[in-house]
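I shall go through one structure with you, moving from strands to a metal site and then to charged pairs.

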Amino acid sequence: MNTNQTAAFAVVGHPNKGKSSIVSTLAHNDNVQISSRSGTTALADRYRVSTANAHYDLIDTPGFQRPRKVLHWLKTHCSNASERAATVFKFVNDSDCQQQFKDEVALLRPIVDGAAILYVVDGSRPYGEEYEAEMDILRWTGQPSMALINPIESSDCVTEWQNALTQYFKSVRVFNPMTADFEKQLELLQTFAHLNPAWSESLNRITRDLRQQRGQQKQHSIIILARMVDDLCRYQACQKLLSLEQAKRVEPVLARQYKAWMKQREETAIDELLTLYAHSQTRIAIEQFDLPPDLFDCDEWFAWGLDKKQLISAAALAGAVSGAAVDVAVAGHSLMLGALGGSLLGAGSAWFGADKLVDVKISGLPLGGHQACVGPIKNRNFPYVVIGRFLHVYQQISALTHADRSELTVSAEDFKDRVDNLEKAQQKSLHTACERLIKQKPVDDLESVLRPLFD
Ligand SMILES: Nc1nc2c(ncn2[C@@H]2O[C@H](COP(=O)(O)OP(=O)(O)OP(=O)(O)O)[C@@H](O)[C@H]2O)c(=O)[nH]1
Ligand SMILES: [Mg+2]
């Protein structure tokens with residue numbers, strides 16, 4: 001074994017057992033081809049996992065097709081155990097074998113070249129003797145190895161597999177590439193570090209780097225949100241015109257332009273988040289994501305932002321308005337608040353009429369002519385809605401494994417609890433910041449104010 005080379009792991013096993021899924025999740029790469037069709041991976045593909053201070057390789061391989069025949073070939077070309085590794089080398093380089101056993105040659109070549117073995121099985125299907133030829137072949141290579149049980153549909157057969165695999169491998173782990181969170185991925189990487197002592201230092205370094213990178217991704221997400229909420233709260237669409245009539249006519253055009261810009265700005269932030277977490281294939285279900293249909297639908301806002309009660313205490317905490325003025329500032333009619341109680345959700349637009357939501361103004365200009373402006377937004381719930389929506393997407397994207405190719409559906413749920421669970425001082429800074437944002441005043445260190453919401 002060459003100990004100076006880059007740490008490399010060949011992910012091998014039966015077809016369709018999640019080999020590519022494991023590579024995809026560990027490499028944080030959603031370009032690895034995965035499908036329910038058996039034989040998706042036809043050639044061995046090497047994926048380099050690089051961090052600031054180190055790197056290692058994961059090699060995706062085609063599944064075993066005719067392991068019994070291959071084992072037979074090896075046995076007939078080998079007279080004793082000392083020749084086994086050399087016989088596998090001969091097999092990989094034999095031109096007849098390259099034709100006859102294309103898949104086995106492709107999967108064994110990286111191992112012969114020095115990669116360690118990660119043998120993948122499906123823990124939801126029973127163990128069978130037919131796997132023994134595969135494991136025998138792998139043992140013949142003499143390379144360090146471990147087994148991964150992927151419980152694809154269930155864990156029904158995991159114990160059975162553990163019993164069989166420990167006969168062949170020193171290390172056997174259960175690993176589900178679709179659901180393994182970041183810590184589980186790092187744990188697995190740590191077990192890889194034990195496979196070859198020459199690689200443990202660089203693999204430990206990678207673990208440390210990945211943890212640091214994860215922290216940076218979170219910090220960057222907070223910056224993306226801070227910039228977006230600031231932009232959205234300040235944006236105005238304005239146009240200068242000669243006459244008042246022209247200004248009036250252009251108003252609806254500006255309103256459309258304003259909405260389009262706001263929507264686009266939010267989409268840009270989500271795209272930045274997807275790029276940050278290297279999810280180039282992930283699609284967010286637009287219908288669901290567009291619930292509320294757009295940022296201007298007041299009724300839906302209560303689902304995403306704060307509820308009325310929270311808005312009132314937010315206004316008080318932020319010192320925005322005092323006493324009786326609170327209800328008026330937040331909702332309009334303090335008496336109706338108590339009277340309507342739970343049905344407030346339905347009454348949303350009556351409280352936050354569209355006219356009050358966004359500033360629409362036509363003003364005369366000092367040197368003649370007029371200016372029509374739509375925006376900025378006036379509604380107090382708006383910054384919370386923006387933050388709430390982004391947090392939902394963040395939670396899902398940051399927890400999504402790269403093997404999971406399903407479309408994301410984003411729903412409004414626990415933002416209100418998140419805000420309620422903040423410490424009082426954190427709540428106060430959040431509310432003060434939102435109050436300032438909605439008044440287009442500068443906010444000091446918005447990122448620090450938002451950070452506790454990401455914990
Ligand atoms: N639910 C679930 N599905 C999984 C899991 N792992 C893999 N799959 C699915 O199983 C199928 C095969 O996964 P792949 O990763 O392509 O399997 P493979 O072993 O690389 O397959 P070949 O390249 O054809 O040999 C895909 O449809 C995956 O989405 C898992 O842990 N849970
Ligand atoms: Mg594959």
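Let me begin with a term: a residue is called buried when its relative accessible area is under 20%. Please also bear in mind that this is a predicted model.

With that cut-off in hand, consider strand E3, residues 55-60. Of its 6 residues, 5 are buried, so the strand is largely enclosed by the rest of the structure. Which strands pair with E3? Strand E1, residues 8-13, runs parallel to E3 and is joined to it by 4 bridges. Within that pairing, valine 11 has aspartate 60 of E3 as its bridge partner. Strand E2 runs antiparallel to E3, with 6 bridges between them. Here serine 50 stands opposite histidine 55 in E3, and a hairpin of 4 residues connects E2 to E3.

Let us turn to the magnesium ion, ligand 2. Its protein donors are Ser20, through OG, and Thr41, through OG1, lying 2.0 Å from the ion. Serine 20 belongs to helix H1, residues 19-27, while threonine 41 sits in the loop between H1 and strand E2, so the pair ties together parts that are 21 residues apart in sequence.

Next, glutamine 98, in helix H4, residues 95-100. Its relative accessible area is 31%, which means that glutamine 98 is partly exposed. Setting aside neighbours within four places in sequence, glutamine 98 is in contact with Val92, Asn93, Val105 and Arg109.

Serine 171 may be taken briefly. This residue lies in the loop between helix H7 and strand E6, and is buried at 18%. Beyond residues up to four places away in sequence, serine 171 touches Met146 and Ala147.

I come now to the charged pairs. How many salt bridges does the structure hold? There are 11. One of them joins aspartate 231 to arginine 265, with the closest N and O atoms 2.8 Å apart. Aspartate 231 is in helix H9 and arginine 265 in helix H10, so this pair ties together parts that are 34 residues apart in sequence. Aspartate 231 is partly exposed, at 30%, whereas arginine 265 is buried, at 12%.

A further salt bridge is formed by glutamate 435 and arginine 380, at 2.5 Å from N to O. This pair links distant parts of the chain, 55 residues apart: glutamate 435 is in helix H20, and arginine 380 is in the loop between strand E9 and H18. Both residues are buried. Glutamate 435 also forms a salt bridge with lysine 439, where the closest N and O atoms are 3.0 Å apart. Lysine 439 is partly exposed, at 41%.

Finally, helix H18 itself, residues 382-399. At 1.5 Å a residue, its 18 residues should span 26 Å, and the end C-alpha atoms are 26 Å apart, which agrees. Of those 18 residues, 15 are buried, so H18 is largely enclosed by the rest of the structure.

Thank you for your attention.

How values were computed. Residues are numbered from 1 along each chain as its sequence is written. Chains are lettered from A and ligands numbered from 1 in the order in which they are written. This is a predicted model: local features need pLDDT of at least 70, side-chain atom pairs count only at pLDDT 80 or more; totals for chains, interfaces and linings use all residues. Side-chain values use heavy atoms; hydrogens and water are left out. Helices (H or I, at least four residues) and strands (E, at least two) are DSSP runs, numbered from the N terminus. Buried means under 20% relative accessible area, exposed over 50%, partly exposed in between (1.4 Å probe, protein chains only). Contact means heavy atoms within 4.5 Å. The expected span of a helix is 1.5 Å times one less than its number of residues. Donors are N, O and S atoms within 2.8 Å of the metal (3.2 Å for Na, K and Ca); water is not among the atoms, so sites may look incomplete. Two strands pair if DSSP finds at least two bridges between them. A salt bridge is a side-chain nitrogen of Lys or Arg within 4 Å of a carboxyl oxygen of Asp or Glu.
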